[in-house]
Amino acid sequence: MEVIHKIGRRKTAVARVYLAEGKGKITINKKDMTVYFPTATLQYKVNQPLVMTNNDGNFDITVNVFGGGITGQAEAIRLALSRAMCEIDAEHRLILKPEGLLTRDPRMVERKKFGQKKARKKFQFSKR
């Protein structure tokens, strides 16, 4: 099996995932996954497509991720892994699609407008 390359995005985070057959080692930006994502919820998000398709020990995964915060990065990796699982076997799509793991979340941060305090918050108006 050759190396499978997929890209996932979330907010401003971009993740490039490289899948090769192996023992289940996940490396993110040249660090172990448990070091890069210390919380259990972020580790769960990254492993979710692998666990749902019963591939959680079959592939060595190398990830390059940049931009955004750690939650956005974890969700970008999840999307890329879900896309890779679908390329390995088309049957995986039937498992991942109903869970929403193949959908790119389009929500982005709204820009701050000129003359306002934040994106929606206005400066307080006083009659004095």
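**View 1. Strands β1 and β2 of the predicted model, paired antiparallel.** Seven bridges join β1 (residues 4-10) to β2 (residues 13-21); two strands count as paired if DSSP finds at least two bridges between them. Arg 10 has Ala 13 of β2 as its bridge partner. The two strands form a hairpin with two residues between them, and Lys 11 in the turn has a positive phi of about 55°. Strands (E, at least two residues) and helices (H or I, at least four) are DSSP runs, numbered from the N terminus. Residues are numbered from 1 along each chain as its sequence is written, and side-chain values use heavy atoms, without hydrogens and water. Local features need pLDDT of at least 70 and side-chain atom pairs pLDDT 80 or more, whereas totals for chains, interfaces and linings use all residues.

**View 2. Pairing of β2 with β5.** Eight bridges link these strands in the antiparallel sense.

**View 3. The bend of helix α2.** At Val 46 the helix bends by about 45°, and Pro 49 follows within four residues. The bend is the angle between axes fitted to the seven residues ending at a residue and the seven starting there. Asn 54, with a positive phi near 55°, follows α2.

**View 4. Buried residues of α2.** Leu 42, Gln 43, Val 46, Gln 48, Pro 49 and Leu 50 are buried (under 20% relative accessible area, 1.4 Å probe, protein chains only). Their cover includes β3 (26-28), α1 (33-36), β5 (59-66), α3 (70-88) and α4 (92-96).

Key:
Buried < 20%, exposed > 50% of the residue type's maximum accessible area, 1.4 Å probe, protein only. Contact = heavy atoms within 4.5 Å.
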